[in-house]
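Please keep the sequence and the structure in view while reading.

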Amino acid sequence: ALRVVDLTENPRLDDATVRFFLGSILRNGGCRLETLNIFEKLEGEADANIGMTENGVEYIISFVSQTPSLSMLRLGIRELSGTGLGNLANIIRQEDCNIA
């Protein structure tokens, strides 16, 4: 079973890519994902036209809320607003969330 997804240093990481990968995992009912790593390329290495927006962050938040087996979440997102961060923190604080 899939336990780790690592989308680090992906030069094409954007909302559509995140939605595709996370949606595919959710559609796989037997998935017991434990670790999710999502990191955008550093600004100097990235194409300025490619990247995640608030929509991509919302996909991650939705995924985390639907994946109780997830215990490790590592994010590196250039454009993470206070709202997105606050929404993610609220999900992580819920009793049924196992992220430490």
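## Burial and surface

Of the 100 residues of the chain, 34% count as buried, where buried means under 20% relative accessible area, exposed means over 50% and partly exposed lies in between (1.4 Å probe, protein chains only). The accessible surface of the chain comes to about 5,900 Å², and 49% of this belongs to carbon and sulfur atoms; such areas come from the Shrake-Rupley method with a 1.4 Å probe, and for residues only the protein chains shown count as cover.

This is a predicted model, in which local features need pLDDT of at least 70 and side-chain atom pairs count only at pLDDT 80 or more, whereas totals for chains, interfaces and linings use all residues. Residues are numbered from 1 along each chain as its sequence is written, and side-chain values use heavy atoms, with hydrogens and water left out.

## Helices and strands

The chain has three helices and three strands, which follow the pattern β-α-β-α-β-α along the sequence; helices (H or I, at least four residues) and strands (E, at least two) are DSSP runs, numbered from the N terminus.

## Links across the sequence

Among contacts with a separation of 6 or more, 81% join residues 24 or more positions apart, a contact being heavy atoms within 4.5 Å.

Alanine 16, in helix H1 (residues 15–27), is 39 residues from asparagine 55 in sequence, while their C-alpha atoms are 9.3 Å apart in space. Alanine 16 is partly exposed because its relative accessible area is 43%.
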